[in-house]
Amino acid sequence: MAEQSVLWRIQERLSAEAPRKEIQDYCEAAAAQFEFTPEQLASDGGEGYDHRHEWHDAHRGFAEMIERLLSDALAAESIDRSTFVSECEAALSAGGQAPSMLRFFLSMLLESGDYTKFVELMKMQHKMRTQIEAYQPADEDEEDDDGDGDEQDPSPDDRSGGYTAQS
């Protein structure tokens, strides 16, 4: 069980608010540099189109950030890097495991240096940003007029709030 505790201890440290926020903020800021065409979004990885130098710089910054955060976590837990990497690889290669947050976490750590994986991450960020920008919340007035009884100010004829006594 010591092997799991090493992985879980590092995951716990890197999933804490400060490192998690740093990774999220970096990815959101880096994603703003990536403007993909529909054809680029449809292609696998980063094949078939030119890549801007800024994209490579963003990836290098991402890999350096992950490396620094991992080094800090390993030092804080007094864990040897080679032991940690071996345990990560063993956990990922274990057969019959369903996708999990631990597997996602380990993949991110081990593949942070892979530029193509980073481009895929930026594509995912781009798609999410596009969906968020396209989202149009329903008008509040329309929501109150939908007849589901959730109006905030009941009419003078309906002070029961939509509920009636059953006899």
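Author: Let us start with burial: a residue is called buried when its relative accessible area is under 20%. This is a predicted model, and in this model Phe-36 is buried, as is Trp-55.

Reader: How are the rings of Phe-36 and Trp-55 arranged?

Author: Planes under 30 degrees apart count as stacked, those over 60 as edge-to-face, and the rest as tilted. A search of the whole structure finds six aromatic pairs. In the pair of Phe-36 and Trp-55, the ring centres are 5.3 Å apart and the planes stand at 50°, so this pair is tilted. Phe-36 lies in the loop between helix 2 and helix 3, while Trp-55 lies in helix 4, so the pair ties together parts that are 19 residues apart in sequence.

Reader: Which parts of the chain does the pair of Phe-62 and Phe-118 link?

Author: Phe-62 belongs to helix 4 and Phe-118 to helix 7, 56 residues apart. Their pair is also tilted, with 5.2 Å from centre to centre and 35° between the planes. Phe-62 counts as buried because its relative accessibility is 3%, and Phe-118 counts as buried because its value is 2%.

Reader: Which residues form the aromatic cluster?

Author: Tyr-26, Phe-34, Phe-36, Trp-55, Phe-62 and Phe-118 form one cluster.

Reader: Is Lys-123 buried or exposed?

Author: Lys-123, which is found in helix 7, has a relative accessible area of 1% and is therefore buried. Leaving aside neighbours within four places in sequence, Lys-123 is in contact with several residues, including Phe-36, Asp-44 and Tyr-49.

Technical notes
Residues are numbered from 1 along each chain as its sequence is written. This is a predicted model: local features need pLDDT of at least 70, side-chain atom pairs count only at pLDDT 80 or more; totals for chains, interfaces and linings use all residues. Side-chain values use heavy atoms; hydrogens and water are left out. Helices (H or I, at least four residues) and strands (E, at least two) are DSSP runs, numbered from the N terminus. Buried means under 20% relative accessible area, exposed over 50%, partly exposed in between (1.4 Å probe, protein chains only). Contact means heavy atoms within 4.5 Å. Rings of Phe, Tyr and Trp (its six-membered ring) pair if their centres lie within 6.5 Å; planes under 30 degrees apart count as stacked, over 60 as edge-to-face and the rest as tilted.
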